[in-house]
Amino acid sequence: MNNNAFEPKIVAFLCNWCAYTGADLAGTSRIQYPPNVRIIRVMCSGSVDPTYVLKPLLDGVDGVLIGGCHPGDCHYQSGNYKARRRIIALKQILKSAGFDDDRVWLRWISASEGGRFAETVTKMTEFLKEKGPNPMRREWAV
Amino acid sequence: MKTVIPVENGDTLVAVRGFLKRLLEAGVVDAVLVPMETPAGAVTPALVSDSRLLDAANPLAPVMGLNAARVVGPVSIREPRGKIAAVLRPCELRALVELVKLKQASLDDMVTIGVDCLGTYDVPVYEVMRADDGVDVAAYLASAQSGELAPQDGYAFRDACQMCEKPHVSALSSGERLGGVEAVVTLELFGADLSAGIPVTLPDELAEKLGLTDPSPGPSPARRREIIEKVIAARTQVRDARFAEMDRRLEQEGIEGVFAACVRCHNCMTVCPICYCKTCLFKSPTFDHEPLQYMNWAHRKGAYRLPADTMLFHLTRLNHIVLSCVGCGMCTSACPAELPVGRVFRTIGQQVQAVFDYVPGGNVEEPLPLITFREDEWMEVGEE
Amino acid sequence: MESQPRIGVYVCHCGTNIAAMVDVEQVAEFAATLPHVVVARDYLYMCSDPGQTLIKQDIQEQQLTRVVVAACSPSMHEPTFRGATREGGINPYFMQMINIREQCSWVHTDREKATQKAKALVASAVAKAALLEPLEDREVGVTPGAVVIGGGVAGMIAALDVADAGFPVYLVEKSDHLGGHVADLNRVFPTLESAKELIEPLIKRVQTHPHVTVLLNSQVTGLEGYVGNFELQVTNSKSEGPNPKLSVGSIIIATGYDIFDPRRKPELGYGQYPNVITSLEMEHRLATGDLTVDGRSPQNVAFIQCVGSRDAQVGNLYCSRVCCMYTAKQSRLVRELLPQARVTVFFIDVRVFGKGGEEFYDETRAKRVRYRRGSVSEIYQRDGRVVLVGEDTLLSRPIEFEADLVVLAVGMEPRADTATLSTLFKLPRSADGFFMESHPKLRPVDTVVDGVFLAGCCQGPKDIPDTVAQAKAAASSALIPLILGTVPVESATAVVDADLCAGCGMCVDVCPFGAPALDPLWGVSRVNAVLCKGCGACAAACPSKAIQMQRFTPEQIMAQVDALME
Ligand code: SF4
Ligand code: SF4
Ligand code: FES
C-alpha cells in the first residue's frame, strides 16, 4: 500500500451504452472502488474530442479515462474504432510534447463488466498514486 | 515529355516568364497563379490573366511570405471556375495535396507547375538584403547546378528551408520519381546549368500545344539524382540534429516551456496552410470566460498563466493538423515571439505521422488517418 | 438571448440507499452556493409523487428554468424527471440528472469522500444545466410484429399474447419441436394434472394461430437496429436456402434453461449405477408406471434434493426453485405406485412457497413420505443396492442409508448458448449466469436493451406459473411500442452552424449513418436529423466545432470538466 496522502483526481469520459452502464452495474453490484474518479457521460467514445481530454489535463487533473464498448460492440458501429485512432494520436502527441501520456487511459468496458470498470479505476488510482501529481496542477514553482 | 526551355543571354527568369506567357497565349489556361514582383520589388502571388503582366512574374525569387496553397484553395474550390496554372514550391504542392483531401482546394482544371526549391528567405530578411547588398540572383541559380545550396553571405535561409529534405519535384507523367513532390509540369532546377536552359517535364499533349515539340534529354537523370541526394543528405543532417535538440527541449521543458513566451496572437494558425477553419475554435465564444472563472483558476493553481488556454490552443492545433503538417515553417516565420513553432510541429509531427505510417502531401488518394480505421488494428489497445 | 438561468437542485436520499453513504443535506447546502442555483433541496424519494411535485411546484413558484436531479442512474429515472419537468411547465430537456447512487453511495465506503465526490458531480451537472438547450421529442415509426426466441411454455405464451393482440409473431425454436422442457414432464405440481394435457393445446394454438409463424430448427444469428425497428438474421440448421431476415419492433427472449448434469458430481454415482437416476428420468418412469430396477420393484426409494443448486462446488449458488415441489410430487406418485415401499427425501431446506405448495407438502408427508434433513456426500454400490453416505444435519449424526432407487433432484442452469446470445444482443448476465433484467424489482422483464424482453427461465429458475406470468408481462411490454406505432428516438442530434462550416466533410466521412452531407451549392454540411442517431462522432471530428452534438456541446463538456476540478 502507498501511504502517500496524495489523492489523484481522474476524469472519466464513459460511453452511454457500455462503459457508463458498466459503471452503473458496478454500483448495483456494490463493487467498491476508490472515489477518485469523476464520470462524464458521453454518448460514444467516438464523440470524445481530444480537446476534452487535454482540457482537464492542462487544468491539472491527474488522469483521464476514456471508456468505450469493446471493438465490434459500439452502439454506433464504429465510434470506438475512430476513438482508438484519435486517442493513439493524442497520446503520441502528448508523449512527443513532453507530457506523460500514461495519464490518459483508453479502455473497453462492456455493460456487463461492472467488475472490470471498478478494477480499472482501482488500478488507475494506484498507478497515479505511484506516479504522483500532474505537474500542471501548479504551473509555477518558486 | 522531357525537354528544355531555352534560355537566351543567360536570363533564366525571362525564359520562365516566356514559358508562362505561352500557357496563356496558347489558351491552355485562363490565368496563371504565380509570385509577382511589385514595382517596389516586394513579391506576392497574383492570379494573372493578361500575359503581358507576366513580365513582373518572379517564381524564382528566393523569398516566401506565404504558403501559396492557401490562395490556391479559394480560386479552385468549386465550379464554375477558370482553368488555372499554379506555380508552386514543393512545400506548397504538399500543402495543396492535404488541402485537397480536406476539400479546401481542387486539382480539377488545374495545371500545377512545380519548381525545385533552392531555399527561401523570410520577407524581412529579403527586404534588408535587397536594400543593403542586392540579391545575387546569378549565384543563387548557379547553386542548383552544384547542389551547394547556401544563403547569401551574412543572411540565413528560412528556418524550415534549412532542414527541408523534400526540395525537389517529380512530374506526374514521368516514370522516375526520385521521391519528389508531384506536379503536372515540373521545372527541374537541380543539376542544371540554368543560364543555358531550364529542364522541364510535361505531358506530351501540353508540350504540343505550347510548341515544345523538340524532345531534349537535358542534363542526365543521374546527374540530377546525384545533386538531389547531396542536397537531401545535407538537409537531413541539419534536420536530425534539430529533431534531437527539440526532443531534448520538449522532454526537459515540456511544450509549455518551449512556448512559454507565446502571446497567443494566432499568427501561426493564420499563416498555416493546413489550418483551414473559417473561425478557429479558439477565437470562438467557447473560450470566452467570465472574470470570476479566471479568479477560480488563479485560486486553484496559485498562479494562472495568461493569456488563458494557450497550451490548449497549441496542443489542440497539433491534434488538428500535425498529421497533415508539411513542414513549410510559415508558422515560425510569422511568430512575433520568434518561437520555434515549425520545429516543434515537425519534430512532433514526424513521430505521430510514423505511428500511422502517413506521409502528408504524398498521395491525394490516401485518406487522412483520423477519418478511417481498420477493425483489426491496435487490437491490444483498450483491453489491458 | 435568455436571461440568467434559474436552477433548482434536488438531491435524493433514495431511502437510505444514497443517504447512508452520502451526506445529502450537505450536498444540497453546497449546491445552493453554486452559480445560478436558486433552490436546492434534499428529499427522501425524488421519484415518488411528492418528490416530483416538489420539482413542479418550484418550477412554477420560483420560476426555475433548469432542473438538476442528483439521484440514481439516468437509465433508471431520466424519463421520470423529464416528465416532472415538462409538467412543471418548462422544456423537459432542461433537466439534467447526475448519478450519485451507482457512482457514489453504492461503491464507496468513506462517507466523507463519497460526499465530496457527490458535490463535485452535482457541481458539474449544475454547470452543464446552465448551458442546456431546449429540445423537441422525436419519434420514428415501428415495424409491427415481434420475434420470440424459444418455443417452450414461456415463448409460446408470450407469442400467443402478442399474436392475439393482432400483431405478427415469429417464434424461433432451436429444436425440431415446440414445448420445451414441459413436454418432457409427466404430471405437474401441485395439481397433478397431466403435463401433456397442459402443453398440447398450447402447441396446437400456436401452430394454428394466423398471426404466428413458427420457425423450427432455427436460431437467431444476427441482430441490427433498435427498439421499434429490429432486423434479425435467422439461420435454419436443416435448410440450405437463404436465411430469412425478420423485421420487427420488439423481441422476447425465452430460451429457457439447461438441466444440471449430475455427472459433474461423480460422488453421487450417476451414470455408474443403474439405481441412480435424475428427476427427469423419474418423470418418464412415472409416465410409464415402470419403476423397476433390474426387473425388481424397489423397496427403498430415496430422493436427494438440491443437486446442482445451492452448491458452491459446482458454482451454482442459487436455488432452482422447482426441485422441492417436484420432489414432493414425485415422491407422492411413487408412494401411490408402491404402497409398500419406503420413500425418503433428503433435503437441506424445504422451500414450497408457491400457491398450494405448503399444503401439498403437508399431504405428502401425511402419506408416509419421510423427510430427512441431511446432505448426501457419497453414494456407493453394495450387493446390487446403493448406500447413501452423509450427515443428518438435524441430529449431527452420520447417515448410512441403503436404497434400491435414488432420484437426484437436479436443478436448472443457464443454457449453454447464453453467452452467444448475450454477445449478440449485448445483454448482460447476472452473477448466476442467467440473463439480467434491468431492475430486480421494478423492471423484471425488461433488459438494458430497449425493446428486448425476457420471459421464463432464461432470466432465472422459476416454475410454470411464474414463467407464464413473466411471459405475459414480457408480451405486454413488447406490445407497447407495437401498439403505439412509434418509438421515441434520440432527441439530441447533430446541428451545423453554417457560418462556421468550412465544408471539409470530415463529419460526412465519419458518420456511420450518412446523416450529414455537403450541400453542393454552399459547400457546407447539413444534417438529416431523421438519420442522425446522436453519436457525436462528427462533432469530435470537426475542428472548428461547426457541427455540434446537442446536449454534448464543447461549452457544456468543458463547463462540466471545469466544475469537476474544484
Ligand atoms: S505565432 Fe507565435 S506567439 Fe503567435 S500564437 Fe503562434 S506561437 Fe504563439
Ligand atoms: S451525431 Fe453521429 S449520427 Fe448524427 S450526424 Fe453526427 S456522426 Fe452522424
Ligand atoms: S457507444 Fe460505446 S463506444 Fe460507441
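Contact here means heavy atoms within 4.5 Å. The model shown in these views is predicted.

**View 1. The contact between chain A and chain C.** In this predicted model, 45 residues of chain A are in contact with 46 residues of chain C. Together the two chains bury an area of about 3900 Å², and carbon and sulfur atoms account for 62% of that area. Of the area that chain A buries against chain C, 16% is supplied by Arg38(A), Tyr52(A) and Tyr76(A), more than by any other three residues.

**View 2. Polar and charged pairs between chain A and chain C.** The two chains are joined by 4 salt bridges. One of the residues involved is Asp49(A), which pairs with Lys545(C) at 2.4 Å between the closest N and O atoms. Between chain A and chain C, 16 residue pairs are in polar contact, both residues being at pLDDT 80 or more.

**View 3. The side of chain A that touches chain C.** At least two residues each come from strand E1 (10–15), helix H1 (19–28), strand E2 (37–42), helix H2 (50–59) and helix H3 (79–96) of chain A. H1(A) gives the largest share, 8 residues. By class, this side of chain A divides into 21 nonpolar, 12 polar and 12 charged residues.

View 4. Residues of chain B around ligand 1 include the run Cys262(B), Val263(B), Arg264(B), Cys265(B), His266(B), Asn267(B) and Cys268(B). Also around the ligand are His314(B), Cys335(B), Pro336(B), Leu339(B) and Val341(B). The shell comprises 8 nonpolar, 3 polar and 1 charged residues.

How values were computed:
Residues are numbered from 1 along each chain as its sequence is written. Chains are lettered from A and ligands numbered from 1 in the order in which they are written. This is a predicted model: local features need pLDDT of at least 70, side-chain atom pairs count only at pLDDT 80 or more; totals for chains, interfaces and linings use all residues. Side-chain values use heavy atoms; hydrogens and water are left out. A residue is near a molecule or strand if one of its heavy atoms lies within 4 Å of it. Ala, Val, Leu, Ile, Met, Phe, Trp, Tyr, Cys and Pro count as nonpolar, Asp, Glu, Lys and Arg as charged, and the others, Gly among them, as polar. Buried area is the accessible area (1.4 Å probe) that two parts lose on being put together, summed over both. A salt bridge is a side-chain nitrogen of Lys or Arg within 4 Å of a carboxyl oxygen of Asp or Glu. A polar contact is a pair of N or O atoms within 3.5 Å; within protein, one must be able to donate a hydrogen and the other to accept it, and residues adjacent in sequence count only if both atoms are side-chain atoms. Helices (H or I, at least four residues) and strands (E, at least two) are DSSP runs, numbered from the N terminus.
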